[in-house]
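Dear colleague,

I am handing over the structure we spoke of, with the sequence alongside. My notes on what was found in it follow below.

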Amino acid sequence: FISSKYDANQPLLVNVGFIAFDFAYSINSSSGHSTMRLFFHGGGRTFLSSVTSTSNDDVRLEIEDYLPDSTINTAWWGCNPSYDILNDANNVPPTTGINVNFSQQKINRIISWAIKNLPIDSNRIYIDATSDGSAPGFLYALTYPERIAAVEVHTGAFNLSFLTDWISNCSLNTGYKNREEVDNLLGEVSTNLMCNLGIPTFNALNGGWIIHQYQSKEFPMIFSVNGKNDQKLGWTEKTIFYDSLNNNRLGGYFFWDNRDHSGNNKFWNVDNYNLYRYRRNVSFPAFSFCSLNEDWGDGTGTTGANYGSVNGMLDWNDSAVDESSIWEIKALVRDLTGYNGSIVVYPDSCTADLTPKRLQNFKPAIGTTLTWKVVRKGKVKQSGTIIYNGGLITLPQVKIYKDTSHITISIEVLNTYYRDNDGDNYGDPLNTIQAETIPNGYVINNSDCNDANAAVHPGATDVCNGIDDNCNSLIDENAFTATVTPNGTISFCDGSSVLLTANGGVGLNYQWIKGTKNISGATNQTYSANQAKNYKVSETNSYSCASTSEATTLTLLSAPTATITPLGNLDICVAGSVTLQANSGVGYIYAWKKGSSFLNGETNQNYVATKTGTFKVQVTNSSGCSKTSTGVKVTKSCKASDKMPDENKGVTIYPNPANDFATIKFNLQQTSLVNLKIYDLNGKKVQTIINKELEPGNHEELINISSLTSGMYLFKLICDEGIYNIPFIIQ
């Protein structure tokens with residue numbers, strides 16, 4: 001849809017709200033990255049005329065251009081905003097206003113849509129135009145060359161402002177049909193109204209003017225066939241354009257013969273060129289002033305050769321080199337094929353100017369010296385230099401042979417090389433020479449920091465020798481400082497040890513020192529010291545670096561003694577328990593153990609053992625040093641039926657300890673003979689309390705113990721229900 005405006009401040013594009021245009025496409029694609037052939041149809045055809053068939057890996061797209069009047073199109077260009085697109089009969093040539101190329105903008109948007117939505121390669125979009133579509137297709141490619149890879153046009157026009165073709169009734173001559181339609185759309189040529197491209201309209205519709213004005217643009221490759229007797233779109237302006245394409249280095253292939261607009265009396269075969277070999281992102285050669293071009297005459301159909309071409313007999317292989325420092329091709333002279341199968345044979349050689357087009361990488365800076373040469377069969381036939389001043393690069397009248405000319409253009413570069421006095425392949429940055437190739441005694445690298453010492457250069461191993469061996473501005477970069485943790489003066493307890501740890505690092509070797517002597521075999525990162533001495537570590541690495549740490553001084557602290565004295569028989573069946581007593585000392589701290597486990601909360605000097613096991617005590621003095629005693633084994637010899645103190649359920653004595661009287665409480669389930677006796681820790685009976693038969697129920701007995709001395713005793717209650725042993729203390 002072409003809108004009347006894109007924004008409120010813009011001039012009108014057309015004098016109605018919008019115009020709707022169609023386009024059609026068809027796909028024959030297996031790769032998903034196809035060429036796209038954009039068709040501009042001839043008069044009397046529609047946007048469906050050529051799109052219905054495809055060839056190879058191809059997408060075809062054709063665009064409608066008829067206005068709502070249905071008999072007039074915009075030549076795929078546009079019109080004056082005053083033009084009545086609904087009724088051409090109402091129109092007269094405009095004399096004011098800015099003409100707008102909205103149809104070319106329409107083509108731009110359709111191509112953008114196709115790139116986004118169709119399986120095409122944006123570098124391989126081509127125009128195929130015939131008759132009324134040829135001039136629009138050709139002019140679109142010149143206006144927007146960055147979109148098109150190559151163009152093929154048949155029996156078209158190169159200049160829509162030309163009014164006086166040698167054929168008097170040419171449709172573009174003044175007063176004839178096509179001229180009147182163009183005048184109504186855009187105004188007369190003499191008026192030459194400005195257009196939205198910023199140039200006069202008929203300048204924009206003149207291919208010769210465009211390629212002269214914008215000579216350095218990267219125009220696509222153009223193929224064209226025209227007739228000297230084309231009564232519709234003429235001949236005379238073609239000869240003018242042929243002069244222009246030579247002078248402006250357009251290149252391309254342009255053929256002519258005696259055909260009329262319908263193709264009668266044609267000579268040339270369209271197989272003389274291949275549209276698809278060209279791409280937007282691949283360079284190609286543009287030839288001009290070829291010595292084998294036939295004479296196209298003075299613009300009348302009766303002068304010049306009956307058939308011929310501009311550059312048609314020149315060709316090149318597709319393996320062009322396009323790099324930052326060189327551009328090269330292999331060009332050749334070829335024979336051509338006529339429509340009737342005849343072969344047009346050309347001489348073995350010719351001369352032609354050569355201009356590289358669409359350069360991708362070979363883009364020399366202004367002022368650069370370019371060297372070129374032509375080589376045939378390994379021999380240089382031509383050579384020269386050019387000072388590049390910007391714009392196109394053109395080699396004048398190079399020799400081209402049928403058996404191929406190898407043509408190169410390269411940037412003459414003088415490289416800087418650096419003196420290498422010490423032969424280490426690294427040069428002195430302050431001692432240089434300019435040359436094309438490396439002189440003896442010089443290198444490309446300029447990073448040597450000491451060209452008098454072959455062992456000093458970038459990449460060398462930096463060893464500890466007081467110099468910068470690898471030229472990175474660091475001296476002895478692999479040096480290190482040996483340290484020991486812990487450091488300073490460290491006290492430790494007799495019988496224990498201190499783990500000394502040296503600093504870590506890749507590739508370090510260790511030697512521990514006690515006093516002034518190395519410790520044999522002490523070569524690990526850690527060393528366990530158990531003597532009061534000064535300790536150091538000496539370290540080395542593979543870079544000849546060494547360091548010895550400061551001394552760590554170890555001082556010895558005395559450990560306490562640790563012994564256990566049993567206060568009674570170690571058989572708990574004798575008294576029900578045994579008191580274990582640790583040795584005493586000022587500031588001692590105790591921790592009792594059973595087996596290998598500490599007993600929770602047992603930190604007194606004495607421990608009462610009521611169960612069997614091996615018991616130890618850890619004694620810690622005021623210096624924090626500890627020692628653990630040897631084990632004392634508490635045993636049990638009584639029968640399983642003898643109930644131990646923790647099994648005396650329901651039997652209690654209180655208070656405990658006591659000093660004069662105590663009460664024993666117990667419960668009998670049945671009538672039983674009850675015997676209650678007191679024993680000392682040596683198992684000697686010291687008193688009988690009860691020896692009689694008692695009834696079932698709860699019983700309490702008051703016991704007078706005032707006659708007994710202080711100490712540990714065992715109350716033994718014997719009844720029919722069992723034997724109960726209860727430890728008791730008298731204070």
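A disulfide is taken here as a pair of cysteine sulfur atoms within 2.5 Å. Please keep in mind that this is a predicted model. By that cut-off Cys-493 and Cys-625 are joined, with an S to S distance of 2.1 Å, and the link is left-handed, with -90 degrees about the S-S bond. The two cysteines lie 132 residues apart, Cys-493 in strand E26 and Cys-625 in the loop between strands E39 and E40, and both of them are buried.

The structure holds three disulfides. Another of them joins Cys-464 to Cys-545, S to S 1.7 Å, and is right-handed, with 90 degrees about the S-S bond. Cys-464 sits in the loop between E24 and E25 and Cys-545 in the loop between E31 and E32, so this pair ties together parts that are 81 residues apart in sequence. Here Cys-464 is partly exposed, at 24% relative accessible area, whereas Cys-545 is buried, at 2%.

Cys-449 and Cys-471 also form a disulfide, with their sulfur atoms 2.1 Å apart; the torsion about its S-S bond is about -80 degrees, so this link is left-handed.

Cys-290, by contrast, is in no disulfide, and the nearest cysteine sulfur, that of Cys-350, is 3.9 Å away. Cys-290 is buried, with a relative accessible area of 6%.

Turning to the strands, an open, antiparallel sheet of three strands has the order E34-E35-E38, with E34 (564-567) and E38 (606-609) as its edge strands. Four bridges join E34 to E35, and Thr-565 stands opposite Gln-581 in E35.

Notes. Residues numbered from 1 in each chain as written. Predicted model: local features only at pLDDT ≥ 70, side-chain atom pairs only at ≥ 80, totals over all residues. Heavy atoms only, no water. Pairing = 2+ DSSP bridges. Buried < 20%, exposed > 50% of the residue type's maximum accessible area, 1.4 Å probe, protein only.
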